[in-house]
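Colleague: I have a model open on my screen and would like to learn how to read it. Could you take me through some of its features?

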Amino acid sequence: MDIHRCRFVPYPASAINAVAFTHSSLPAVSLTKKHLQKHIQVRLAIGRANGDVEIWNPLNGAWHQELVISGGKDRSVDGLVWVTDPDEEMLDGKIIHGKSRLFSIGYTTTVTEWDLEKARAKTHASGQHGDIWCLGAQPLNPSSKSAVTPNNRKLVAGTVDGNLALYSIEDDTLTFHKTLIRTPSKKTRIVSIAFQSSNVVIVGCSNSTICAYDMRSGALLRQMTLGTDLTGGGSKNIIVWSVKCLPNGDIVSGDSTGQVCIWDGRTYTQAQRMQSHTQDVLCLAVSADGSKIVSGGMDRRTALYEPMAKQAGRWSKVFHRRYHGHDVKAMASFEGRGMSIVVSGGPDASPVVFPLRGAGKEHHRTLPHLPQNATLQSAPKARFVVSWWGNEIRVWHLPNPAQTLLDDPHTDANSHKNRKLLAQIIVKGESNITSAAINQDGTLLVASTATDLKAFQFDVTGGQLRIKKVDMAAFSKGATKVEISPNSLWVSWVEDGSKVMIAKVTAASPTTGTSYTISGPSKLQRLRRQIPKNILLGGLGCYDRNVTQMAFSPDSRLLCVADLAGYIDTWVLRAPGEKKQVTGGEADDANELSDASSDDSSDEEAGDAGSERWVRNPKAALLPKLTSTPVVLSFASAPFPGHQDDDDYSLLVITTMKQLLVFHPLQGALSDWSRRNTYAKLPEQFRVTRDLVKGVLWQGPRAWIYGISFLFMVDLSQDFGGDKEIMKLKGGQKHGTKRKREGLASGAGGKMDKHYIGPPNVKAALGPDGTEWADVEMADADDARSVGASSGLEDDDDDDTDGGELQRMRDDQGTNGDDDGTGKEGQKSKWWHTYQYRPILGIVPLQSPQEEANAESREVGVADAGLPPLEVALVERPSWDVDVPPRYFADGEWER
């Protein structure tokens, strides 16, 4: 592989302003109720300064970024609140888990509700008050006789002018209800909020006070005063940045003096004051049982507190760490399913997961700030690299092949000349770009936002790029994902999160040059899936039917999509007059619980009767529901040994559980290679790598698989071990028998070794003279101490069975015998890997002129010498290149 290592492609990091879990905790699970808990959809929402809302699935520690709802111009998400209803029981005894709704604020007068099923804002509401600085949801307390029910609970907003405003969320709506409290002094700001009970709200103010109000009458129950901040030689008010309430009613506050205070919940008097930080305490988190408190501050510290032994009501700081390189601005905790973690974020843009129950015994984990789906595309034939963020698209040109640079004796001096910024495109509108695609010859670019689609035609003449807009406004209402077919004749996109659309692209060749026109779109009907109503009516509803992966076959005659639930839908392109073959599947509208309407019939085709048309693959229903979410869909570029089938394609699917599955979609069958090479036979280095796969590139039978911190090569024409090696993996254990599993970690990093002190400090030299130094973030991928118990796989004790049916694979297999993947003498390597490149934004293919000229006549051989050269552009975004605002340094501290 020839690699252009690119660090000049920018991707501005955006600060994390808010984090929130759908559930703070889940009850302990008995064996009889274990099957019920797995249907509870626990998600983490992250709000960023650029207006993006990210939805993460913890996956027992695998941490999958499922969805990114892009923001827009002058938007920011500064507070997030989930509202989850209580569970209900149906007449047949099935449980409907409480429905979860997500609300946000952005230092404006508006509260926004997000529609996760359609991946966009659902509704906005605003009242006659100042900018909202904090938001809380009125809790339900089934054990009390409170009159608060799911139908009349409210959102409470604290404003910059000292008011408490109520918003109604009954009947699935969001409306301004009334102003509960009006503070006489307009200089008083309400900056934090928490609930002591269903009807008592605790607010932290900017005037050195904490107030308790009765939600029913608006009466002030008690005002607690912190005094005056005397630091700096003057006196000023103390700002209470965060307040939390413990299960016993006690109140915890963090303020601008760096102190964490404990308040008695019955008398509203101060019980304890701890000077834990050298600067403002910005956020707090508490465990579900009230036995632990966590604080984060402007001094980059994260501190943990526990009750003191034999001293009721007294707390002590256990330890503090600096997991972040900047302010710790927001944090949230979650306990359940064997997990006990706190997630924090701040201006350094990377979420940090650290253990709560296992604090001091387990490592933390830093999640990537780069998106799961790479914001990177290439036009291989034109050697263009396209990147996007916000509302901006940049087009780069890499004119010289990598081999030419390597043969140049002046490579170091000329390598920076092998790139040219051809264009910067600013997409007009209020919404940011959600996805973009460019065709292989670099003449057509399509970009999508939440409100519309934009298409641009490129013409390169004399080294200058001329851009012409292609009209798509007549039939576009926005998309979450867009893709162009390899032959540039079709463009497909996803509307409302789950509706797959496709349109024909026509290229005319007038005297002035090629001109593109795009016809009206058609909707491709997805199969109706038999999903129980108790699941659809509760939790996040049809959120998991969001389409996140899309791929065209190399000949552009097969389209494949996959959703978060693990369902795969395929369509084939039929020629005019070709007989249509459709099995008995029904149409599916993922947003409807009732039967499909008449215009969603299963026999509907996309296209005119006298032209090519897209119809559902006759064998589409045979593709099974995957046990975990697909993160990669990719068609092999050419047939190869072990997958040779003249009448079918080879579709590679990689899931969050590191399953490598190769399907023959026209047959609706799993390939023989996948039947033989189960998860347990894959290379151990691949299975235990903690980061998820982001993409794949093909070189004959070789699949180059990459993630945020790794690059793997897997040869799909070879098997990964025989029966003797697998028996060695299992330590002589008989096939099909159960084995005892080790306990899972808490969902953060792996367990520490005994007598472990801490991670080593690694620095990199920067600057032209190498005199500047910066800390290097060490990825968890190659940390052998932490891979065993937190690989993110299922914790059920399932038996292994042979055959082509998909199954849950074991997560604790050993190494692949003595086979290191290098192969014996005279044989090809089965696999190869490196952690040299990190963090990886994306890898895209390029094509040299010689390769393009020989592409039609060259056959893909089995030997290494017969493989065509693979040239790629690998884009890295190192942590020290992330632009962050200046950070605070206490007395005696300095930049190291």
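Modeller: Let's begin with pairing: two strands pair if DSSP finds at least two bridges between them. Strands (E, at least two residues) and helices (H or I, at least four) are DSSP runs, numbered from the N terminus. This is a predicted model, where local features need pLDDT of at least 70 and side-chain atom pairs count only at pLDDT 80 or more, while totals for chains, interfaces and linings use all residues. Residues are numbered from 1 along each chain as its sequence is written, and side-chain values use heavy atoms, with hydrogens and water left out.

Colleague: Which residue of E56 is the bridge partner of Gly695?

Modeller: Strands of a sheet pair through backbone hydrogen bonds, either parallel or antiparallel. Here the partner of Gly695 is Tyr706 in E56. Strands E55 and E56 (residues 702-707) run antiparallel and are joined by 6 bridges. They belong to an open sheet of 4 strands, ordered E55-E56-E57-E60, with antiparallel pairing. E55 (693-699) and E60 (831-834) are at the edges with a single partner strand each, so one side of each has no neighbour in the sheet. On average, neighbouring strands of this sheet are turned by 15° against each other, direction ignored (axes are lines fitted to C-alpha atoms, for helices over the stretch in contact, and angles run from 0 to 180 degrees between N-to-C directions).

Colleague: In what order do the strands of the sheet with E28 come?

Modeller: The order is E28-E29-E30-E31, an open sheet of 4 strands with antiparallel pairing. E28 (330-336) and E31 (365-366) stand at its edges, each with a single partner strand, so one side of each lacks a neighbour in the sheet.

Colleague: How many residues lie between E10 and E11 in their hairpin?

Modeller: There are 4, and Ala119 in the turn has a positive phi of about 55°. E10 (residues 110-115) and E11 (residues 120-126) run antiparallel, joined by 6 bridges; Trp114 has Ala121 in E11 as its bridge partner. Another hairpin links E16 to E17 through 4 residues, with 5 bridges between E16 and the antiparallel E17 (residues 200-205).

Colleague: Is E16 mostly covered or exposed?

Modeller: Buried means under 20% relative accessible area, exposed over 50%, and partly exposed in between (1.4 Å probe, protein chains only). E16 (residues 190-195) is mostly covered, with 6 of its 6 residues buried.

Colleague: How many disulfides are there?

Modeller: A disulfide is a covalent bond between the sulfur atoms of two cysteines. Taking a pair of cysteine sulfur atoms within 2.5 Å as the criterion, a search of the whole structure finds 0. For Cys205, the nearest cysteine sulfur is that of Cys211, 4.4 Å away. Cys205 counts as buried because its relative accessibility is 5%, and Cys283 does so at 4%.

Colleague: Where is Asn617 found?

Modeller: Asn617 is in the loop between E50 (613-616) and E51 (630-635), and counts as buried at 2% relative accessibility. A polar atom of its side chain lies 2.7 Å from the backbone oxygen of Pro665.

Colleague: Where does pLDDT stay under 50?

Modeller: pLDDT is the predictor's confidence in each residue, from 0 to 100. One such stretch is residues 582-604, and another is 856-865. The mean pLDDT of the protein is 82, with 78% of its residues at 70 or more.

Conventions. Contact means heavy atoms within 4.5 Å. A polar contact is a pair of N or O atoms within 3.5 Å; within protein, one must be able to donate a hydrogen and the other to accept it, and residues adjacent in sequence count only if both atoms are side-chain atoms.
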